[in-house]
Amino acid sequence: MRTLVIGGSVFLGRAIVEEALRRGHEVTTFNRGVSGEDLPGVEAVRGDRESREDLARLADGREWDAVVDVCGFVPRVVGDSVRALNGRAATYAFISSISACSAWPATGPTDEDSPRFECAPDAGPQDGDYGVLKAGCERAVEQGFDGSALIIEPGLILGPHENVGRLPWWLTRTARGGKVLAPGDPQVAMQLVDARDIASFTLSQAEAETADRFFVSGIEGNSTYGGFLDECRTVTGSDAEFVWVDDRFLLDREVQPWTELPLWAPDDPEFAGVWRPSSAKARAAGLVCRPVAETVRDTWAWLREIPEDRRSFGSARLHHGIAPEKEAKILDEWEQRAAG
């Protein structure tokens, strides 16, 4: 196949390019060249997707079997890409998010038939938050592309080259050892998915010119929080001692769920369905999910080659990880409470 990847240099986009090359695809990437390096073997076209002139230059004289749009966040911008590439490919695969589902994470289980946020296909960046705008992006693809519109809605993605910083932070903190603040209940069942498995599924559906939408969030209960952290301790070989602290104790001390302690969703109605999306439809269509232990192992193998002071745990806008002094203070207060 001839495959165009909009983005393609970081995390999930990189995994899609890597898998496409492994399958023997002729791969073109379109990006600004500032977020990461393109993999060897691709035709790298430099440009800004917000520039209609750059999009016209990309489309001029080129055709593909499939487009995979990994970095669309604003409906109006995605719509411009769809219009520029309409008629240039058989399939437009858009990487959306489970966050486009208005029922998630408060309600569960959720699936492809659950309601989406209301958002116009020409909405601008000021017209909603991440999930709302992703829903509008989906409509821009579905309403604007004349071929097969494939909508992929991932859940919580982990894996090598993760630039979000959730698993890299936990691996780094666990590797340091000592007493480690662990949030809530270690028996909480999670649902995690590897970027490489999403990449494989997406390309298989694109090869089949599938026009459909899929939740791609892994297998429900494929890990517990305690099991996940145990895997981090095993692969790093550390002496970490996880100290499990009650949700309410953490919330009372203004620990931020999901970010300060990555993947922590406290026992609260706001998060009641966070680990309950259904990937049954995708699994029936061929999604295969590797064990979480393999994801953790491979991520550490990649991360350990990066000096700790150069590791990224997100961005300035969304940074993951609790400050060491705050962690130490909470652990001390928790131990004093336990001592009576």
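Predicted model: local features only at pLDDT ≥ 70, side-chain atom pairs only at ≥ 80, totals over all residues.

**Entry 1, a serine in a loop.** I began with S279, which touches Q191, F215, V216, S217, G218 and L287, leaving aside residues up to four places away in sequence; contact here means heavy atoms within 4.5 Å. S279 sits in the loop between strand 15 (261-262) and helix 9 (280-284). I took helices (H or I, at least four residues) and strands (E, at least two) as DSSP runs, numbered from the N terminus. Is S279 buried or exposed? S279 is buried, with a relative accessible area of 4%; buried means under 20%, exposed over 50%, and partly exposed in between, with a 1.4 Å probe and protein chains only.

Residues are numbered from 1 along each chain as its sequence is written, and side-chain values use heavy atoms, with hydrogens and water left out.

I traced an open sheet of seven strands in the order 3-2-1-4-5-6-11, with parallel pairing; two strands pair if DSSP finds at least two bridges between them. Its edges are strand 3 (43-46) and strand 11 (212-216), each pairing on one side only. From one strand to the next, the twist averages 15 degrees. I then looked at strand 2 (residues 26-31), which runs parallel to strand 3 and is joined to it by four bridges. Within this part, N31 stands opposite R46 of strand 3.

Axes are lines fitted to C-alpha atoms, for helices over the stretch in contact, and angles run from 0 to 180 degrees between N-to-C directions. Eight of the eleven residues of helix 3 are buried, so this helix is largely enclosed by the rest of the structure. Among them are P75, V77, V78 and L85. The cover over these buried residues includes helix 2 (52-59) and helix 4, along with strands 1, 4 and 5. Just after helix 3, I noted that G87 takes a positive phi of about 85 degrees.

Next I looked up F145, in the loop between helix 4 (130-144) and strand 6 (148-154). F145 is buried, with a relative accessible area of 5%. Its contacts, not counting residues up to four places away in sequence, include V82 and L85, both of them buried residues of helix 3. F145 also touches N86, A89, A90, T91, Y92 and A140.

How do helix 5 (residues 166-176) and helix 7 (residues 225-236) cross? Their axes come within 9 Å and cross at roughly 60 degrees. That makes helix 5 oblique to helix 7, given that under 35 degrees counts as roughly parallel, over 145 as roughly antiparallel, 65 to 115 as roughly perpendicular and the rest as oblique. On the helix 5 side I listed L167, W170, L171, T174 and A175, which meet Y225, F228, L229, C232, R233, V235 and T236 in helix 7.
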